[in-house]
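Please look at the sequence and the structure before reading on.

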Amino acid sequence: MKKTIYMLLICLLAVACGKSEVSPDEANTAESERPCGVSKAGHKLFTGPKGGCYYYNGNGNKTYVDRSECNC
């Protein structure tokens, strides 16, 4: 019985420790987006499904930049 409880406890700890914090940029990233470098201001740039180049601002909204800034 103790062995089963220990194994269950180890599994629960492994699952709890496996979770990681997600940054706002990553939380908003859709599957159709691709990371494409960093802007001059230091923002992580993405290219969308239609080819637009943008980053997520402090409010979590997309801010589009010139396509020449993306490195994809």
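## What counts as a disulfide

A disulfide is a covalent bond between the sulfur atoms of two cysteines. Here a pair of cysteine sulfur atoms is taken as a disulfide when the two atoms lie within 2.5 Å. The model is predicted, and the structure holds two disulfides. When the bonded cysteines are counted along the chain, the disulfides follow the pattern 1-4, 2-3.

## The pair C36 and C72

In the disulfide formed by C36 and C72, the sulfur atoms are 1.4 Å apart. This pair links distant parts of the chain, since C36 belongs to strand β1, which covers residues 34-38, while C72 belongs to the segment after β4 (62-65), and the two cysteines are 36 residues apart.

Buried or exposed: how does each of C36 and C72 count? C36 counts as buried because its relative accessibility is 2%, and the cut-off for buried is under 20%. C72, in contrast, is exposed, with a relative accessible area of 57%, where exposed means over 50%.

## The pair C53 and C70

C53 and C70 form a disulfide in which the sulfur atoms are 1.8 Å apart. The torsion about the S-S bond of C53 and C70 is about 90°, and therefore the disulfide is right-handed. Because C53 lies in strand β3 (residues 53-56) and C70 lies in the segment after β4, the pair ties together parts that are 17 residues apart in sequence. Both C53 and C70 are buried.

Note on methods. Residues are numbered from 1 along each chain as its sequence is written. This is a predicted model: local features need pLDDT of at least 70, side-chain atom pairs count only at pLDDT 80 or more; totals for chains, interfaces and linings use all residues. Side-chain values use heavy atoms; hydrogens and water are left out. Helices (H or I, at least four residues) and strands (E, at least two) are DSSP runs, numbered from the N terminus. Buried means under 20% relative accessible area, exposed over 50%, partly exposed in between (1.4 Å probe, protein chains only).
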